[in-house]
Amino acid sequence: MKCLVLVKHVPDSNSVFRLDSAGTWVDETNLSFTVNDFDRYALEELLKLKDAGTAQEVVALTVGPADAAAALRTCLATGADRAIHIKDEALAGSDPFVVARAIHAAIASEGFTLILGGLQAEDDNHTQVGGLVAGLLDWPFASAAVGLSLVDASTLRVDRELENNEIQVVDLTLPAVVTVQTGMNTPRYASLKGIMAAKKKPVATLALPDLGLAPKDVEAKLRTVSLAPPPKGKSAEILTGSPDEVAKALVSRIREKTGVL
Amino acid sequence: MAKVLILAEHDGKNLKEISFELLGIAHKVASGGPVKAVLLGEGVSELASKLAQRGASEVIHVEGPAVRHYTADGYRRALIPVLADESPDVVLIGHTPNGWDLAPLLAARFGAPAATGCSKIVLDNGKGRFTRKAFNGKFVHEIEIQSARPLIATVEKGASTPVEGAAPGTVRSVAASVAEGDLRTRHVDIKKAEASGLDLSQASIIVSAGRGIGAPEKLDVVRALAEALGGQLGASRAVTDAGWLPHEHQIGSSGVSVSPKLYVACGISGAIQHVVGMKSSSYIVAINKDADAPIFGVADVGVVGDLFEIVPALTKAVEEAKH
């Protein structure tokens, strides 16, 4: 079967973030970007299907500016066969629905059997592009997968992570869209051979006219008003001093407040 | 005034707390308008009656074999005609695993994005203004959605309190408009994630390690403190995802919720998924190199610094204090 992974090029979540001058997003200059962590697990799951001979082709797709091509190159170097980069100035400031709409238009005639993506993007945390794509395609959908297996040629079994250590096992009729949780597998890294091979793999760059969409079709309905540090509500008493000094102060706080020790 | 519809969540036996919280926030959003609830399920009419006592003027109880168990396809297809009939201004769903399924599926149907993980919702002339978090809780993200009806939002747990002393509402049963045989997502089972018998939920002292430990062999630093304090070793998702500790050590929304007398967070930034699982601890100590880490917003006392210097010093001080 033919499989697609949806990936996003995001700032490394370990970065120290500063706000941009407009106060509507983080200042992205000097940030290092990477493939969204959740999406790495989705790609690995498809590469496992390819290793097993179940998937014949694994395609990686992203929506984003020119820099986002780096995320696709990482996917190709890791083992994806080809890539699709949806890139158009009219998509700057897009919202999850617009992104899903562009993806839907790009893949409508591709004939994928399985589409995987990360549960959410580490930057905006919207948690909806996978489900929106499923909704637009009218395909079955499951979020928060921690396990996937094929029951037969037309049925995918998904372990969905619920709360309190519970898992729902659900069978989806293929074709289907699934978003995955982190930790479901151990994503492989690109080998040197993979990095070399990736240079010869095809990347299709598609703009709105290639998708049969006009700028008015991708007008965002969701707009950021502001991004700000969380309000300082209850705030910890911060201890300062040498490690030994703060350790002694912590021990006396712990003894006084908890009766432990 | 707005018409607000909430989606109740239950496990077949009990309503989940998020259902009551959704009714709470729904009343604020509706500002005097009607607040209704939809409850899907088989053999749960008692739950529908209970919900009608908690702030829903009407509970629309959708029954049928296709919604006996939660599935994205069954719920989606049963909900769409209800939404068409009711024509609410706002639909509120829990920011829960089932909400992550349903909100985008319904949003796709109505041609607009959803607002997810909201803690506050204000309506202004048909526009919705939503307060949520981005960058894993590092920032508060205010967004606006316009030209969408209904506005679909998922609400973070704990964002609102339930309604007190609500006037009792009515229950109306309707048959699910989808047949079980037509479902393309089929419930197989609910099972427990693998476990070795470790139960952190009852622990009175927990020392947890987060992404900040950097490498599995460095866990020993945190483990030594746990042992010195006579406590259990916990972890954030980053640590269990990396396979450095088994899943049952994971504290947070998808792991275990804990409320020990003492919780020590080492190298944990305090992502919302972790915080919901430990914020009811009686006394919280946080050690993190990033002064802006959200964990310092829930901790009682904190140290900004290198955990590999602070934690061994603390272990030593604890050992000395015991003598």
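This section describes the predicted model, from chain B and its domains to the interface with chain A and selected local features. Residues are numbered from 1 along each chain as its sequence is written, while chains are lettered from A and ligands numbered from 1 in the order in which they are written. Because the model is predicted, local features need pLDDT of at least 70 and side-chain atom pairs count only at pLDDT 80 or more, whereas totals for chains, interfaces and linings use all residues.

Chain B contains eight helices and 16 strands. Both element types are DSSP runs numbered from the N terminus: helices are H or I with at least four residues, strands E with at least two. The C-alpha trace of chain B spans about 70 × 40 × 35 Å along its principal axes. Of its 323 residues, 59% count as buried. A residue is buried if 20 or more other C-beta atoms lie within 10 Å of its own, exposed if 12 or fewer, and partly exposed in between, with C-beta atoms placed from the backbone. Contacts require C-beta atoms, placed from the backbone, within 7 Å. Among contacts in chain B with a separation of 6 or more, 64% link residues 24 or more positions apart.

Chain B is assigned domain 1 (4–182) and domain 2 (200–321). These bounds come from an automatic or database domain assignment. The C-alpha centres of the two domains of chain B lie 34 Å apart. Six residues of domain 1 are in contact with five residues of domain 2. The domain 1 side of this contact has no nonpolar, three polar and three charged residues. Here Ala, Val, Leu, Ile, Met, Phe, Trp, Tyr, Cys and Pro count as nonpolar, Asp, Glu, Lys and Arg as charged, and the others, Gly among them, as polar.

Between the chains, 71 residues of chain A are in contact with 79 residues of chain B. Helix 7 of chain A gives the largest share of the chain A side, twelve residues. By class, that side has 34 nonpolar, 19 polar and 18 charged residues. Strand 13 of chain A and strand 16 (residues 301–304) of chain B run parallel, joined by three bridges. Strands pair if DSSP finds at least two bridges between them. Glu237(A) stands opposite Val301(B) in strand 16 of chain B.

Helix 4 (residues 97–110) of chain B has 14 residues. From first to last C-alpha it reaches 21 Å, close to the expected 20 Å. The expected span is 1.5 Å times one less than the number of residues. Twelve of the 14 residues are buried, including Trp100(B), Leu105(B) and Leu106(B). Gly111(B) follows helix 4 of chain B and has a positive phi, near 70 degrees.

In chain A, Val59(A) belongs to strand 4 (residues 57–63). Val59(A) is buried because 23 other C-beta atoms lie within 10 Å. Beyond neighbours within four places in sequence, its contacts include Leu4(A), Ala80(A) and Ile84(A).

Two peptide bonds are described next. The bond from Leu174(A) to Pro175(A) is cis, with omega near 0 degrees. A cis bond also joins Arg149(B) and Pro150(B), with omega about -5 degrees. Pro150(B) lies in the loop between strand 8 (139–145) and strand 9 (151–155) of chain B.

Asn30(A), with phi near 70 degrees, is exposed, with 8 other C-beta atoms within 10 Å. Thr127(A), with phi about 60 degrees, is buried, with 25 such atoms within 10 Å.

Key. Two residues are in contact if their C-beta atoms, placed from the backbone, lie within 7 Å.
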